[in-house]
Amino acid sequence: MTVESTGGTKGGGLPELKQGRAVGEHLRAAAVAAVVERGWTAAAAARHFGLGAVSVRNWVKRFRERGHVRPDRQGGYRPSLIERERERIFRILEERPAISGRALRDALAAEGVVFNACTVQRFLQRHGLERNSRLARLRRHRADGR
């Protein structure tokens, strides 16, 4: 439970919640049940449980729309902007397999696509394309071709 006591109590003797802290699902459910099942107002339930009235109203709305009071997922996945340029990067790496991360960054900049060297390096690591592994593959390929 993420309830933290600040020394005082509100309403029904529950510890005060610090502003900006997440409220556990069981406390949300209790506040919503007070409104939906017992007919309390959101403000009365908020006072009783030491919560914000707007939060209780939002949870009641969510419960009526979705049937639960679970919080929505925070944040979310946003693909890196460099992923849009993956075909261009793969083309450059194919043309120049021994290119360093910084040289790749410069080659991209010459084509009008600007990224930080760290972003380029993370992209290469994420796709298993670090320079040492590319050079090792190139050496193996050359050794097999002889």
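Modeller: Leu51 sits in the loop between α2 and α3, where helices (H or I, at least four residues) and strands (E, at least two) are DSSP runs numbered from the N terminus. This is a predicted model, in which local features need pLDDT of at least 70 and side-chain atom pairs count only at pLDDT 80 or more, while totals for chains, interfaces and linings use all residues. Residues are numbered from 1 along each chain as its sequence is written, and side-chain values use heavy atoms, with hydrogens and water left out.

Leu51 counts as buried because its relative accessibility is 12%; buried means under 20% relative accessible area, exposed over 50%, and partly exposed in between, with a 1.4 Å probe and protein chains only. In the largest nonpolar core, which has 15 residues, Leu51 is among those that touch the most other members, together with Ala45, Phe49, Val56 and Trp59. Such a core is a set of buried Ala, Val, Leu, Ile, Met, Phe, Trp, Tyr and Cys residues joined through side-chain atoms within 4.5 Å. Two or more residues of this core come from each of α1 (25–36), α2 (42–49) and α3, and α1 gives the largest share, five residues. Another core lies apart from it, with 14 residues, including Leu93, Ala107, Val120 and Leu124. In soluble globular proteins, nonpolar side chains tend to be buried together.

Leu51 and Arg28 are 23 residues apart in sequence, and their C-alpha atoms are 9.2 Å apart in space. Arg28 also belongs to the lining of the second largest pocket, as do Trp59, Asn58, Lys61, Arg62, Glu65, Arg66, Pro71, Asp72 and Gln74. A pocket is an open set of points on a 1 Å grid over the protein atoms alone, where a 1.4 Å probe fits, with protein on both sides within 12 Å along at least five of seven lines; lining residues have an atom within 4 Å of a point. Helix α3 (residues 53–66) supplies the largest share of that lining, six residues. The second largest pocket holds about 160 Å³ of space, a volume being the space filled by probe spheres set on the points, which are joined across faces, edges and corners.

As for the whole, the protein chain has seven helices and two strands, in the order β-β-α-α-α-α-α-α-α from the N terminus. Of its 146 residues, 31% are buried.
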